[in-house]
Amino acid sequence: QRYGVVAFNAVDDVTMDGLIRAAEAARSPLIIQTSVKTIRFWGAEVVRDMFRAMAGRVTVPVALHLDHCPDPEIARACLRLGWNSVLFDGSGYSFEENFRITREIVALAAGYGAHVEGELVAVAGVEDGVGNDHEGAQIAEQQQVAFIKDSGIYCYAPAIGTAHGFYKSTPEIRYEHLERLVAATCVPMVLHGGSGLGDAVFRRLIALGTAKVNIS
């Protein structure tokens, strides 16, 4: 429907509480993201219980999402514990292995009424110890479209020139690539590397089909 929902990373009870209170004050839906590093530090049960207690106090929709998880076992554990969605980041795997594991996690998530975000090409930048300074090798658009359609993912994280972390220069965003993926799949797209982008960029990306806007 061409609107975007913001997804902020929470690292502890203070950040999670502040984000959820702000969403209620703004009357805005919110996605709380947790990194694998945060899960390992606190324990998945603690994070889940914090989220349920805090999200249960507000009237706006708030969802819990696992960000950039290259470990399928952690993704499966979070789904079993009640996460609303997970990003299985298989960009470090072969295309075939990424596709196979993603499909398995999609099937598991469906049993819990949850969703899966998929990723093929690594977004540049390091976030909570995941990633590197360079964007992954590009994969043909037709192959990306096939992955999106056949894996069953709910949303897709395309590499479009944005990067995690602080921008040292203005990114060269490949808007046309995003637009073609949306036209071919009708699947919501996810903006990674949203920190530091301006309102005009957000509006343009959302208008083209970006439905989840990540801010770390």
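## A tour by salt bridges and buried residues

Start by selecting Lys212 and Glu117: their side chains meet in a salt bridge, with N and O 2.9 Å apart. The term salt bridge here means a side-chain nitrogen of Lys or Arg within 4 Å of a carboxyl oxygen of Asp or Glu. This pair ties together distant parts of the chain, since Lys212 belongs to strand 10 (residues 210-215) and Glu117 to strand 5 (residues 115-119), 95 residues apart. Helices (H or I, at least four residues) and strands (E, at least two) are DSSP runs, numbered from the N terminus.

Are these two partners buried or exposed? Lys212 is buried at 7% relative accessibility, and Glu117 is buried at 0%. Buried stands for under 20% relative accessible area, exposed for over 50%, and partly exposed for what lies in between (1.4 Å probe, protein chains only).

A word on what you are viewing: this is a predicted model, in which local features need pLDDT of at least 70 and side-chain atom pairs count only at pLDDT 80 or more, while totals for chains, interfaces and linings use all residues. Residues are numbered from 1 along each chain as its sequence is written, and side-chain values use heavy atoms, with hydrogens and water left out.

**Next stop: helix 5**

Select Glu104 and Arg100, whose side chains form a salt bridge (2.8 Å, N to O). Both sit in helix 5 (residues 95-111), and because they are four residues apart, about one helical turn separates them. Glu104 is partly exposed at 35% relative accessibility, and Arg100 is partly exposed too, at 38%.

**On to helix 1**

Which residue forms a salt bridge with Asp17? Select Arg21: the closest N and O atoms of the two are 2.8 Å apart. Asp17 and Arg21 both lie in helix 1 (residues 13-26), four residues and about one turn of the helix apart. Arg21 is exposed, with a relative accessible area of 51%. In general, side chains of opposite charge can pair when their charged atoms come close. The structure as a whole holds 11 salt bridges.

Move to Leu79 in helix 4 (residues 72-81). Leu79 is buried, at 1% relative accessibility. What does Leu79 touch, leaving aside residues up to four places away in sequence? Its contacts (heavy atoms within 4.5 Å) are with Val86, Ile105, Leu108, Ala109, Tyr112 and Ala114. For a sense of distance, draw a line from the C-alpha atom of Leu79 to that of Thr15, 64 residues away along the chain: the two are separated by 22 Å.

Then select His68 in strand 3 (residues 62-69). His68 is buried, with a relative accessible area of 6%.

**Zoom out**

Finally, show everything as a cartoon. The protein has eight helices and 10 strands. Its radius of gyration, taken over C-alpha atoms, is 16 Å, close to the 17 Å that the globule rule (2.2 Å times the number of residues to the power 0.38) gives for 216 residues, so the protein is as compact as a globular protein of that length. The C-alpha trace spans about 45 × 35 × 30 Å along its principal axes. Buried residues make up 50% of the 216 residues.
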